[in-house]
Amino acid sequence: MNDTARVGAAVTLRPMRVGHLPEIMALETELFGAEAWTEGMLRSELADPDTRHYTIAVDPGGNIVGYAGLVTYDHEAHVLTVGVVPDWQRRGVGASLLADLLDAAGPRRVLLEVRADNEAAQRLYVRHGFRPVGRRGGYYQPSGMDAVVMARA
Ligand SMILES: CC(C)(COP(=O)(O)OP(=O)(O)OC[C@H]1O[C@@H](n2cnc3c(N)ncnc32)[C@H](O)[C@@H]1OP(=O)(O)O)[C@@H](O)C(=O)NCCC(=O)NCCS
């Protein structure tokens, strides 16, 4: 990814760094509530740049308005997270972040889990070639919500 690559009308994609985590944690809590990751979890993700690809979307004022992460294995990759702040949703930021992850995944098969009740995210993934391939009961805690497993060849 080009550090200064412009996407959509007004956001820029950049690699996520440890220094971004305080700002990202505020978004993580807002977007994912009780299922939010801790700062320690994100910090350990960023400590493994050989297998992790984390990207932020920044608005013209320098605010982080979205972020996404991927882990790559030999022949597979998993989308670990995608989030966009409410004010910036439905403006193509999620699609740009996902496209960046898919670019990093290269030819690998890409998998992800998404809450069964998250229609917005499932539609985003379907638009990018993902199809449901399974379901994991009670995957999300503490809610007990099922996950739909989606894959992209
Ligand atoms: C899911 C999420 C990342 C989408 O980000 P976004 O920037 O709003 O997505 P985009 O504007 O790029 O939309 C791309 C496509 O996704 C689908 N989509 C996105 N939001 C949607 C919504 N609220 N309802 C229905 N479809 C939606 C649409 O197909 C859309 O394309 P369209 O606008 O041309 O119809 C965002 O809603 C979000 O952060 N939600 C909270 C966190 C979350 O659920 N993350 C996913 C965890 S698996």
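**Where is I24 found?**

I24 is found in helix α1, residues 21-32. Helices here are DSSP runs of H or I with at least four residues, strands are DSSP runs of E with at least two, and both are numbered from the N terminus. This is a predicted model, in which local features need pLDDT of at least 70, side-chain atom pairs count only at pLDDT 80 or more, and totals for chains, interfaces and linings use all residues. Residues are numbered from 1 along each chain as its sequence is written.

**View 1. I24 and its contacts in the model.**
Leaving aside neighbours within four places in sequence, I24 is in contact with L42, I64 and Y67. A contact means that two C-beta atoms, placed from the backbone, lie within 7 Å. I24 and I64 are 40 residues apart in sequence, and their C-alpha atoms are 7.3 Å apart in space. Is I24 buried, exposed or partly exposed? I24 counts as partly exposed because it has 19 C-beta neighbours inside 10 Å. The cut-offs are 20 or more other C-beta atoms within 10 Å for buried, 12 or fewer for exposed, and partly exposed in between, with C-beta atoms placed from the backbone.

**View 2. Confidence along the protein chain.**
The protein chain averages a pLDDT of 94, and 94% of the residues score at least 70. pLDDT is the predictor's confidence in each residue, from 0 to 100. Over residues 1-6 the pLDDT is below 50. This stretch has 8 contacts in the model beyond near neighbours in sequence. Where pLDDT is low, the predicted coordinates should not be read in detail.

**View 3. The shell around the ligand.**
How many residues surround the ligand? The shell has 19, and the closest are Q89, G94, A95, A120 and L124. β5 (76-84), α3 (93-105) and α4 (119-127) each supply at least two residues of the shell. α4 gives the most, with 6 residues. By type, the shell divides into 9 nonpolar, 5 polar and 5 charged residues. Nonpolar covers Ala, Val, Leu, Ile, Met, Phe, Trp, Tyr, Cys and Pro; charged covers Asp, Glu, Lys and Arg; the others, Gly among them, are polar.

**View 4. The largest nonpolar core.**
This core has 26 residues, and those with the most contacts inside it are A57, L97 and L101. β2 (11-15), β3 (52-58), β4 (64-72), β5, α3, β6 (109-115) and β8 (147-152) each supply at least two of its residues. α3 gives the most, with 5 residues. A nonpolar core is a set of buried Ala, Val, Leu, Ile, Met, Phe, Trp, Tyr and Cys residues joined through C-beta atoms within 7 Å. Not counting residues up to four places away in sequence, L97 touches T55, A57, G66, A68 and V82. In soluble globular proteins, nonpolar side chains tend to be buried together.

**View 5. Strand pairing from β2 to β5.**
β2 and β3 are antiparallel and pair over 4 bridges. Two strands pair if DSSP finds at least two bridges between them. L13 has A57 in β3 as its bridge partner. β3 and β4 also run antiparallel, joined by 7 bridges. There, I56 stands opposite Y67 in β4. The hairpin of β3 and β4 has 5 residues between the strands, and G62 in this hairpin takes a positive phi near 90°. β4 and β5 run antiparallel too, with 7 bridges. Their hairpin passes through 3 residues. A68 has V82 in β5 as its bridge partner. Why is β3 largely enclosed by the rest of the structure? β3 is largely enclosed because 5 of its 7 residues are buried.

**View 6. Backbone geometry at R90 and P142.**
R90 lies in the loop between β5 and α3. R90 is not a glycine, yet its phi is positive, about 65°. R90 counts as exposed because it has 9 C-beta neighbours inside 10 Å. P142 lies in the loop between β7 (131-136) and β8. A cis peptide bond joins Q141 and P142, with omega about 10°. Most residues other than glycine have a negative phi, and most peptide bonds are trans. P142 is exposed, with 7 other C-beta atoms within 10 Å.

How values were computed. A residue is near a molecule or strand if its C-beta atom, placed from the backbone, lies within 6 Å of it.
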